[in-house]
Amino acid sequence: MLGPLLFVLYINDIDHSVSSNIVKFADDSKIFNTVCSEEAIGNLRTDLCRLLAWSKEWQMLFNIDKCKVMHLGYNNPSVDYGRCAVTSGS
């Protein structure tokens, strides 16, 4: 019973450095935002890079095989968010 509580406390600060919305449930995290401009695309990409840096710093790596991008909307540009320019020091 104590394990899940300690896990939640351990990952509680995961969303402190991002501007996008994050939903956390047990060991599952979802980040989402409305992307309607080049600036918004850059912001979401930066948030993803910050999450990657957080995961490396806390040695809580994401399972890449379970990470997915869902593009919603008729005119969605279907951007590739795989490039990361932020290092773990940011």
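Start with the largest pocket, whose volume is about 1,600 Å³. A pocket here is an open set of points on a 1 Å grid over the protein atoms alone, where a 1.4 Å probe fits, with protein on both sides within 12 Å along at least five of seven lines. The volume is the space filled by probe spheres set on the points, and points are joined across faces, edges and corners.

This is a predicted model: local features need pLDDT of at least 70, side-chain atom pairs count only at pLDDT 80 or more, and totals for chains, interfaces and linings use all residues. Residues are numbered from 1 along each chain as its sequence is written, and side-chain values use heavy atoms, without hydrogens and water.

Stop 1: A lining residue has an atom within 4 Å of a point. By class, the lining holds 26 nonpolar, eight polar and eight charged residues. Nonpolar covers Ala, Val, Leu, Ile, Met, Phe, Trp, Tyr, Cys and Pro; charged covers Asp, Glu, Lys and Arg; the others, Gly among them, are polar. Helix α2 gives the largest share of the lining, eight residues.

**Stop 2: helix α2.** Select residues 38–57. Helices (H or I, at least four residues) and strands (E, at least two) are DSSP runs, numbered from the N terminus.

Now colour the buried residues of α2, among them A40, L44, L51 and W54. Buried means under 20% relative accessible area, exposed over 50%, and partly exposed in between (1.4 Å probe, protein chains only). Their cover includes α1 (2–11), β1 (21–25) and β2 (28–32).

**Stop 3: W54 and the core.** Select I11, I14, V18, I22, L51 and W54. These six residues make up the largest nonpolar core. Such a core is a set of buried Ala, Val, Leu, Ile, Met, Phe, Trp, Tyr and Cys residues joined through side-chain atoms within 4.5 Å. Leaving aside neighbours within four places in sequence, W54 is in contact (heavy atoms within 4.5 Å) with Y10, I11, D13, I14 and M60.

**Stop 4: Q59.** Move to the segment after α2, where Q59 lies. Is Q59 buried or exposed? Q59 counts as exposed because its relative accessibility is 71%. Its phi is positive, near 50°, in a residue other than glycine.

Note on methods: Expected span 1.5 Å × (residues − 1).
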